[in-house]
Amino acid sequence: MLKTRLITGMIGAALAVGIVLWGVLPLRISIAAIAMLMIYELFRAVRLHRTPVLLVPALLLTAALSAAVVPAEWEGMAVLVFLIILFVVLLFGFSSIHTKDVALAGLFTLFVGLFMGTLAKIRMQEDGIRLIWLVFIGAWGSDVFAYTAGRIFGRHKLIPKVSPKKTVEGAVGALVGTAIAFYIFGLCAKESLGVAPAFLGIMGIAASACGQIGDLVASAIKRQYGIKDYGTIFPGHGGAMDRFDSVLFVAPAIWILLQIAGRMG
């Protein structure tokens, strides 16, 4: 199992590097494809994947938002139109579609679409090819630090009802490790990024915290609906939600912090 995870992780990392370096358009297309897969997995988890009147609009808006196809000034209108569609579906499908179904469809779509959309927006910046690595370090680097610290020092369970294997020591190790990684990244790219390494260290703590929250949120949904993994597309890892749950939360955190630092156009 560990060998499979490592092989899948190495192949995934190589693909991620290749797509990022290839250009903005290939990355936006890839983000949209992954986001649509995530929506399908979430809908399947809550038994809504066989409700096309909810799934199809969700997939379309998710693709548009996650790839940042919708201009920022039109995003609000796109969301309003989508919500109106959902309420119309509820009205004409009241005998088979529950209010909870519509609420979940709306929440999941905005969650994945808007959150993944910040990843595309970061890459679309003038120096986005450098900035986007902060997201991956904050998400997957934090995972590695948490796993390593948990294996070595783990004694106290973090939230056992949600994720039995995660420990407090692993979480702290992730925060410290990611902060150091961000600081080193800042030292290496100080001139090009124009952001103080110390601020990047603080960003690392925030990114790791958000990534861990994303991981736990995805796990909480799985626990509530009695599933082990969201899918099987990534051998040893599960589905797209299992692999990108931390990215979902790290990307908007990095985007917001870069806004604060004045690094976003």
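A salt bridge is a side-chain nitrogen of Lys or Arg within 4 Å of a carboxyl oxygen of Asp or Glu. With that cut-off in mind, we can look at E41 in this predicted model, where the residue is found in helix 2, which spans residues 24-45. E41 is buried and yet has no salt bridge, and the nearest side chain of opposite charge, that of R44, is 4.7 Å away. The side chain of E41 does, however, reach the backbone nitrogen of A240 at 2.8 Å. Not counting residues up to four places away in sequence, E41 touches Y230, G231, I233, G239, A240 and M241.

The distances mentioned in this report can be set side by side.

| Pair | Distance |
|---|---|
| E41 and R44, side chains | 4.7 Å |
| E41 side chain and A240 backbone nitrogen | 2.8 Å |
| V195 and L258, C-alpha atoms | 8.9 Å |

A second topic is the nonpolar core. The largest nonpolar core has 63 residues, and those with the most contacts inside it are F43, L54, M116 and I254. Several helices each supply at least two residues of this core, among them helix 2, helix 3 (52-66) and helix 10 (240-260), while the largest share, 11 residues, comes from helix 10. Leaving aside residues up to four places away in sequence, I254 touches I122, L134, V135, F182, M203 and A207.

Terms used
Residues are numbered from 1 along each chain as its sequence is written. This is a predicted model: local features need pLDDT of at least 70, side-chain atom pairs count only at pLDDT 80 or more; totals for chains, interfaces and linings use all residues. Side-chain values use heavy atoms; hydrogens and water are left out. Helices (H or I, at least four residues) and strands (E, at least two) are DSSP runs, numbered from the N terminus. Buried means under 20% relative accessible area, exposed over 50%, partly exposed in between (1.4 Å probe, protein chains only). Lys and Arg count as positive and Asp and Glu as negative; His and the chain ends are not counted. A polar contact is a pair of N or O atoms within 3.5 Å; within protein, one must be able to donate a hydrogen and the other to accept it, and residues adjacent in sequence count only if both atoms are side-chain atoms. Contact means heavy atoms within 4.5 Å. A nonpolar core is a set of buried Ala, Val, Leu, Ile, Met, Phe, Trp, Tyr and Cys residues joined through side-chain atoms within 4.5 Å.
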